[in-house]
Amino acid sequence: MARDGAIYACQSCGATHPKWAGQCAACGAWNTLVEEGQVRPGGLAPTRGARSRGLAFEGLESLSPPSLRIATGVDEFDRVCGGGVVPGSAILLAGDPGVGKSTLLLQVCGEATKRGARCAYISGEEATEQIRARAHRMGLGATPVQLAAETSLRDIVDGLKRERFDLVVIDSVQTLWSDAHEAGPGSVTQVRACAGELVRLAKKRGIAIILVGHVTKDGQIAGPRVVEHMVDAVLAFEGERGYPFRILRGAKNRFGATDEIGVFEMGDSGLAEVKNPSSLFLNQGGERAAGAAVFAGIEGSRPVLVEFQALVAPSVYGTPRRTVVGWDAGRLAMVMAVLEARCGLGFASRDVYLNVAGGLRISEPAADLAAAAALASSALDCALPQACVVFGEISLSGDIRPVSRTEIRLKEAAKLGFSRALASGATDGGGVAVTNVTRLADAVRRIGDQAWD
Ligand code: TYD
Ligand code: MG
């Protein structure tokens with residue numbers, strides 16, 4: 001029942017509704033509407049007596065010199081931010097609980113203080129003693145990072161106004177609460193209000209603020225999406241369960257490119273930066289079996305070689321299985337359809353498994369040919385040449401379209417000891433001989449006949 005003036009906010013997408021309902025009409029999530037405060041009587045009508053200050057317009061040319069970025073010293077992190085964090089900006093670091101957000105940011109603070117930045121780490125989740133113990137384990141025990149365990153927004157804002165910091169980490173935005181709002185911590189109203197206040201503080205005092213946001217699937221607490229539009233940059237920290245690799249991905253960045261990734265490896269003493277990700281995602285040593293194809297991809301500005309592994313096996317059940325890890329299931333369906341329609345490969349009564357080794361998620365269209373080659377190689381039981389990389393985009397007509405930045409891909413392949421490439425529109429270079437194919441059927445025939453020259 002709607003009480004007079006009550007508003008109901010969806011804890012998943014943040015949409016507000018005048019009435020309670022089982023399902024949010026905006027995002028379709030179930031059981032996520034929670035009553036949050038009252039609409040002020042009179043709604044958005046201007047408060048009597050309030051006077052507007054008008055607008056002060058400014059020109060495009062800069063009045064003050066552009067502020068220098070703070071290089072934190074964790075290079076993988078700095079690169080994803082666009083070359084360091086910008087003073088006066090707010091960054092949201094979003095990720096699943098337990099992926100390593102607190103670890104990464106403690107490391108960022110520790111390294112940044114070594115370079116002279118004044119850093120504060122404010123945690124609403126752990127006691128300072130716990131954070132200190134973790135810092136010691138990570139070898140950062142002697143760095144002058146200022147710690148605080150606090151959840152009250154008022155105390156945090158007052159505290160930050162009194163001291164001068166360059167970089168402040170708030171872990172996490174979902175534990176904060178502001179006494180100006182009735183709703184509980186973690187609710188849309190609280191998360192939005194607290195994040196808004198901190199973003200304003202960042203801009204006003206020139207502090208770089210990093211907010212941690214837990215991604216939640218069940219809508220128990222408000223997700224980072226509520227905050228995404230307020231901050232200057234959104235970084236997603238991802239990792240597959242069972243793999244030590246963690247990938248930092250820029251999802252939004254007002255100060256740099258968004259397709260950049262940073263690669264880390266979680267170990268006993270924190271996160272180690274992985275400078276050469278290709279060596280990590282390649283299945284090294286041993287023969288490359290039928291069903292494996294090495295994709296020469298580009299993530300952000302860096303080339304990354306990663307192995308696509310496919311298994312095509314007779315299906316035991318009536319409905320064949322299609323399982324894909326690390327790639328898009330829709331894209332797999334399309335590539336399989338093209339292989340069936342244009343190349344005569346049948347998958348009707350066969351299970352298909354496709355896996356991107358190492359836990360990386362690939363979204364580049366250039367990976368189409370690598371996936372197709374792995375599938376064809378498994379279906380025909382013919383291995384690709386040992387030292388061969390693959391890249392190319394497949395169209396529905398069965399054509400293979402050239403992709404961008406082929407030289408960088410080939411250079412990386414050569415660096416890692418590859419001497420062949422199956423691609424489209426590329427020229428031999430750096431010791432890599434390219435077999436150019438313009439039709440997928442031609443590529444499949446070459447795999448079946450082992451014809452590479
Ligand atoms: P944490 O940073 O607490 O995750 P989040 O803040 O995203 O919830 O990291 C949690 C996991 O990381 C935990 O399961 C233990 C692991 N870990 C290590 O393996 N090595 C380490 O040095 C640290 C600090 C954590
Ligand atoms: Mg944490």
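**Figure 1. Domain layout of the predicted chain.** The centres of domain 1 and domain 3, taken over C-alpha atoms, are separated by 46 Å. The chain is divided into domain 1 (1–38), domain 2 (75–275) and domain 3 (292–449), with bounds from an automatic or database domain assignment. This is a predicted model: local features need pLDDT of at least 70, side-chain atom pairs count only at pLDDT 80 or more, and totals for chains, interfaces and linings use all residues. Residues are numbered from 1 along each chain as its sequence is written, chains are lettered from A and ligands numbered from 1 in the order written, and side-chain values use heavy atoms, with hydrogens and water left out.

**Figure 2. The whole chain.** The C-alpha trace spans about 80 × 55 × 50 Å along its principal axes. The protein chain has 11 helices and 21 strands. These are DSSP runs numbered from the N terminus: H or I over at least four residues for helices, E over at least two for strands. Of the 453 residues, 50% are buried. Buried means under 20% relative accessible area, exposed over 50%, and partly exposed in between (1.4 Å probe, protein chains only). The chain exposes about 21600 Å², and carbon and sulfur atoms supply 52% of that area. Areas come from the Shrake-Rupley method with a 1.4 Å probe; for residues, only the protein chains shown count as cover. Among contacts with a separation of 6 or more, 66% join residues 24 or more positions apart. A contact means heavy atoms within 4.5 Å.

**Figure 3. The nine-stranded sheet.** The strands form an open sheet in the order S6-S5-S7-S8-S4-S9-S10-S11-S12, with mixed pairing. Two strands pair if DSSP finds at least two bridges between them. S6 (146–149) and S12 (270–273) stand at the edges; each has a single partner strand, so one side of each is left without a neighbour in the sheet. Neighbouring strands are turned by 25° against each other on average, direction ignored. Helix H3 (residues 128–137) packs on the sheet, touching S5 (119–123) and S6, and its direction makes about 140° with that of S6. Helix H5 (residues 188–205) lies across S4 (90–95), S7 (167–171) and S8 (208–214), running at about 160° to S8. Axes are lines fitted to C-alpha atoms, for helices over the stretch in contact; angles run from 0 to 180 degrees between N-to-C directions.

**Figure 4. Strand S9 and its partners.** Five of the six residues of S9 (residues 233–238) are buried, so this strand is largely enclosed by the rest of the structure. S4 pairs with S9 in the parallel sense over five bridges. Leucine 92 has valine 234 of S9 as its bridge partner. S10 pairs with S9 in the antiparallel sense over six bridges. Here alanine 233 stands opposite asparagine 253 of S10. S9 and S10 form a hairpin with six residues between them. In the turn, glycine 242 has a positive phi of about 95°.

**Figure 5. Arginine 246 in strand S10.** Arginine 246 is found in S10 (residues 245–253). Its relative accessibility is 12%, so arginine 246 counts as buried. The side chain reaches the backbone oxygen of valine 99 at 2.7 Å. Not counting residues up to four places away in sequence, arginine 246 touches Val99, Phe237, Glu238, Gly239, Glu240, Gly262, Val263, Phe264 and Leu271. S10 also pairs with S11 (residues 261–267), in the antiparallel sense over five bridges. Leucine 248 has glycine 262 of S11 as its bridge partner.

Key
Polar contact = N/O pair within 3.5 Å; in protein donor to acceptor, adjacent residues only side chain to side chain.
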